[in-house]
Amino acid sequence: MPESFRFSRPEWLDETASTSDILKLRVASGNPPPSGTVVAARRQTAGRGRMGAPWLSAREGDVMFSFLWTGGMSLDEAATLPLACGLGVRDFLAAAPLRIPAACKWPNDIYVGDGKMCGILTEGGVSADGLLRLVIGIGINVRARPGRDEEIGRTTVSLEELGPGRYAPEDLLPNVLHFLEGRIDAWQRGGFRTIRTDFTANLWGLGRSLTARLEGGRVTGTVTGIGDRGELAIRLADGTIRLIASVSAIEGA
Ligand code: BTN
């Protein structure tokens, strides 16, 4: 029976370059912390996003944290863990008290309408002891931040833009971790099949025509769901279904 997954009490830093870098350094030190270790920051000075992009946050007030996941599986087998994390963040936003209708934009962004509210960065690999160690960094836009869209060339949305409330990251994080823990624990025990139906039901762009930018070009088609291994399923113009396993970007067609 696989072990259950539990987060440790988060360690809060006032300021750091990147919470993911902190955990990666600890893993590289030769004395890695246990699976479920969480490091959160009030301010990041060099936050990183996917594909080498910077992660631009408010000066403070956004939720920014990373955690370590350790397991005895291959990188390939763990490829759907970020999808479980995205679904956990969606659960957090959809639940009381926020009740925000968020959707999972494959592979691992969280959107509200057509604005990105959360991004997930997964890094790591197999350590010398043969265990897979992944550092998963999560950033949730909380503070309204004028100019963010122009800076990154994409529409974003923050919790504060959706309602009159002010939210402190220290108050939000325990709730985020609660919902994440539920999805990761289920995934760790039973694999991707434990989250596939819910992920598909909450898939951003389902039924819409999208273009996936791949390394070798672009593919346009209608999103029909998610494959057994977490791939994005797209129906092409000739009616065939194409499963996309990795992508550099998904755009509205
Ligand atoms: C993306 O959408 O490109 C992923 C963004 C991930 C941002 C988070 S914030 C906490 C952690 N530390 C980082 O430097 N990046 C991740």
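Residues are numbered from 1 along each chain as its sequence is written, and side-chain values use heavy atoms, with hydrogens and water left out. Because the model is predicted, local features need pLDDT of at least 70 and side-chain atom pairs count only at pLDDT 80 or more, whereas totals for chains, interfaces and linings use all residues.

Seven strands form an open sheet of mixed pairing, in the order β1-β2-β3-β7-β6-β5-β4, where strands (E, at least two residues) and helices (H or I, at least four residues) are DSSP runs numbered from the N terminus, and two strands pair if DSSP finds at least two bridges between them. The edge strands, each pairing on one side only, are β1 (11-16) and β4, and the twist averages 20° from one strand to the next.

Along one part of this sheet the pairing is antiparallel: four bridges join β4 to β5 (residues 109-112), with K105 having D109 as its bridge partner in β5, and four bridges join β5 to β6 (residues 115-126), where the bridge partner of Y111 is K116. The hairpin of β5 and β6 has two residues between the strands, and in it G113 takes a positive phi near 60°. Nine bridges join β6 to β7, also antiparallel, and C118 stands opposite I140 in β7; in the hairpin of these two strands, with five residues between them, G130 takes a positive phi near 85°.

Helix α5 lies across β1, β2 (38-44), β3 (63-71) and β7 (132-140), running at about 25° to β3; axes are lines fitted to C-alpha atoms, for helices over the stretch in contact, and angles run from 0 to 180 degrees between N-to-C directions. In helix α6 (residues 193-201), I195, F199 and T200 are buried, that is, under 20% relative accessible area, exposed being over 50% (1.4 Å probe, protein chains only). Seen down the axis of α6, these buried residues fall within an arc of 130°, so they line one face of the helix, the arc being that of the directions from the helix axis to the C-beta atoms. The face turned away from the buried side carries the exposed residues R193, T197 and A201, while the cover of the buried residues includes α2 (81-94), β4 (102-105), α5 (169-190) and β9 (217-226), contact meaning heavy atoms within 4.5 Å.

Of the 19 residues around the ligand (a heavy atom within 4 Å), S18, Q44, R48, R50 and K116 come nearest. Among the polar contacts (pairs of N or O atoms within 3.5 Å), an oxygen atom of the ligand is 2.8 Å from a side-chain N or O atom of S18, and a backbone N or O atom of R48 lies 2.7 Å from a ligand oxygen atom.

Notes
Polar contact = N/O pair within 3.5 Å; in protein donor to acceptor, adjacent residues only side chain to side chain.
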